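Me: Please walk me through this two-chain model. I have questions about folds, packing and contacts.

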Amino acid sequence: MSLNVAQRRLLQEYRSLTNNPPEGITAGPISEDDLLHWECLIQGPEGTPFEGGVFPAELKFPNDYPHMPPSMKFLGDVFHPNVYPSGLVCISILHPPGDDPNHYETASERWSPIQSVEKILLSVMSMLAEPNDESPANVEAAKMWRERRSEYEARVKASVRASLGL
Amino acid sequence: MAEEEINLPSLVIVLLVTGLAVRYFFFSGGGNGASATNRQPGGGAALSPEELQRRRQREREAAVETIQQMFPQVDRRTILWDLQRHGGNLQATTERILAGRTETPPITFQPPPPPISPETTAAQQQQQQQQQQSASATKSTEKTHPDLITRYNLKDKLASTEAEPATAAPSKTGGWSSNREERQSLLQKRRDQMIIEARKKMEAKIAAEKAAAEAAASGGNN
């Protein structure tokens with residue numbers, strides 16, 4: 001079985017994530033037949049309305065990974081300013097390398113081959129804790145987060161409980 | 001002098017006839033059947049720009065509808081764009097669609113939404129509404145995701161770990177197995193464990209909250 005660069009790299013990342021799993025993160029390919037398609041679980045960070053929740057997400061890697069970033073999509077309800085209603089995550093580390101034409105982000109914040117799945121997942125975790133409402137993906141969530149914080153938190157908490165079947 | 005004498009009555013007659021004609025065309029009510037049918041072709045010149053615009057739109061809608069009946073796969077925006085680009089010629093647009101030469105409209109092209117034509121009866125509208133409602137209903141059911149327990153089939157595992165919590169003590173999984181299947185099952189196990197733990201913690205939290213609320217309530221009563 002010959003693996004290409006992307007697959008070799010992903011297998012290596014999978015290995016290190018298995019040996020040294022970061023707190024609150026489980027990630028790996030859905031099946032090793034397709035190393036470009038992962039599923040991961042992210043724990044809601046403590047001290048946030050997402051606390052106690054576990055959020056499944058899928059990662060899809062392009063064939064030219066690690067030159068280009070994967071896309072990440074939450075598979076459950078995540079009501080968050082930086083998550084599209086479809087579940088797609090919008091953070092700078094998932095954006096292709098180079099400077100943002102809109103100058104929102106510097107090149108160092110964006111994807112580059114020295115980043116990794118682990119860094120993405122940790123970034124997403126901290127994004128859950130601290131939304132960036134500069135360029136919201138979910139306008140409704142961003143508005144509620146900015147203007148009616150307690151309502152936002154109640155809504156997130158309710159969805160966390162519902163996602164655990166409670 | 002004689003010329004003027006002849007001209008004056010004829011002028012009066014001409015004015016009278018024109019006046020009558022104008023009155024006949026524009027100010028006669030719907031009571032006269034002939035005038036009602038005549039109004040459309042005859043009244044064109046007197047239509048206000050908005051009326052004209054509306055009529056053009058109606059014609060365009062009719063064209064779009066005709067084309068959509070022939071090519072249900074082509075979307076409305078594309079048809080409208082093509083019609084607009086090529087002077088609203090239905091036949092030419094049809095040919096371009098057949099030849100596959102339609103262009104994709106630019107994002108900035110935002111055609112007006114399809115109007116609800118007055119011909120559609122109330123019953124039809126109701127039917128449409130019902131369809132829309134059912135569509136949105138299915139959409140909303142699609143959108144709500146199943147909870148994690150259902151998603152990962154953890155009901156049995158949850159029950160078994162509840163029954164005998166001792167055996168479910170989190171065996172420190174980890175380590176990379178050289179066996180592919182083993183790796184897969186280890187990953188799955190870790191995933192399940194994470195969800196079950198979260199669920200239990202949340203259950204405990206909810207129970208604690210409930211107890212606290214009850215205590216507060218009884219405390220208030222005493």
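Me: In chain A, what share of the contacts with a separation of 6 or more comes from residues 24 or more positions apart?
Reply: This is a predicted model. Take the contacts in chain A with a separation of 6 or more. Residues 24 or more positions apart account for 47% of them.

Me: What percentage of chain A counts as buried?
Reply: Chain A has 166 residues. A residue is buried if 20 or more other C-beta atoms lie within 10 Å of its own. The share of chain A that counts as buried is 37%.

Me: In what order do the elements of chain A run from the N terminus?
Reply: Chain A holds four helices and four strands. From the N terminus on, the order is α-β-β-β-β-α-α-α.

Me: Which strands are the edge strands of the sheet in chain A?
Reply: The sheet is open, with four strands in the order β1-β2-β3-β4 of chain A. Their pairing is antiparallel. The twist averages 20° from one strand to the next. An edge strand pairs on one side only, and here these are β1 and β4 (71–74) of chain A.

Me: Which residue of β2(A) is the bridge partner of A:A27?
Reply: Strand β1 (residues 25–29) of chain A runs antiparallel to β2(A), and five bridges join them. Within β2(A), A:G28 stands opposite A:E39. The bridge partner of A:A27 in β2(A) is A:C40.

Me: Which residue of β3(A) stands opposite A:H37?
Reply: β2(A) also pairs with strand β3 (residues 54–60) of chain A. That pairing is antiparallel and covers seven bridges. In β3(A), the residue opposite A:H37 is A:K60.

Me: Is strand β2 of chain A largely enclosed or largely open?
Reply: Strand β2 of chain A spans residues 37–43. Five of its seven residues are buried.

Me: Where does A:P66 lie?
Reply: Most peptide bonds are trans. The bond that joins A:Y65 and A:P66 is cis, with omega about 0°. A:P66 lies in the loop between β3 and β4 of chain A.

Me: How do the residues on the side of chain A that touches chain B divide?
Reply: 21 residues of chain A are in contact with 22 residues of chain B. On the chain A side, the elements that give two or more residues are α1 (5–19), β1, β3 and α4 (149–163) of chain A. The residues on that side divide into eight nonpolar, nine polar and four charged.

Me: Are α3(B) and α4(B) roughly parallel or oblique?
Reply: Helix α3 (residues 49–70) of chain B packs with helix α4 (residues 76–85) of chain B, their axes 10 Å apart. The angle is about 125°. That value makes α3(B), relative to α4(B), oblique.

Me: Is the crossing of α3(B) and α4(B) left-handed or right-handed, and which residues make the contact?
Reply: The crossing is right-handed. α4(B) gives B:R76, B:I79, B:L80 and B:L83 to the contact. The α3(B) side is B:R60, B:A63, B:V64, B:I67 and B:Q68.

Me: How do the residues of the contact of α3(B) with α5(B) divide?
Reply: α3(B) and helix α5 (residues 90–98) of chain B pack at about 30°, with axes 11 Å apart. That makes the two helices roughly parallel. B:A63, B:T66, B:I67 and B:M70 in α3(B) meet B:L90, B:T93 and B:T94 in α5(B). The residues of this contact divide into four nonpolar, three polar and no charged.

Me: Is B:N153 buried or exposed?
Reply: B:N153 is in the loop between α7 (148–151) and α8 (155–163) of chain B. Its phi is near 55°, a positive value in a residue other than glycine. Residues with 12 or fewer C-beta neighbours are exposed. B:N153 has 9 C-beta neighbours inside 10 Å, so B:N153 counts as exposed.

Note on methods: Residues are numbered from 1 along each chain as its sequence is written. Chains are lettered from A and ligands numbered from 1 in the order in which they are written. This is a predicted model: local features need pLDDT of at least 70, side-chain atom pairs count only at pLDDT 80 or more; totals for chains, interfaces and linings use all residues. Two strands pair if DSSP finds at least two bridges between them. Axes are lines fitted to C-alpha atoms, for helices over the stretch in contact, and angles run from 0 to 180 degrees between N-to-C directions. Angles under 35 degrees count as roughly parallel, over 145 as roughly antiparallel, 65 to 115 as roughly perpendicular and the rest as oblique. A crossing is left-handed if the near helix is turned anticlockwise from the far one by less than a right angle, and right-handed if clockwise. Two residues are in contact if their C-beta atoms, placed from the backbone, lie within 7 Å. Ala, Val, Leu, Ile, Met, Phe, Trp, Tyr, Cys and Pro count as nonpolar, Asp, Glu, Lys and Arg as charged, and the others, Gly among them, as polar.
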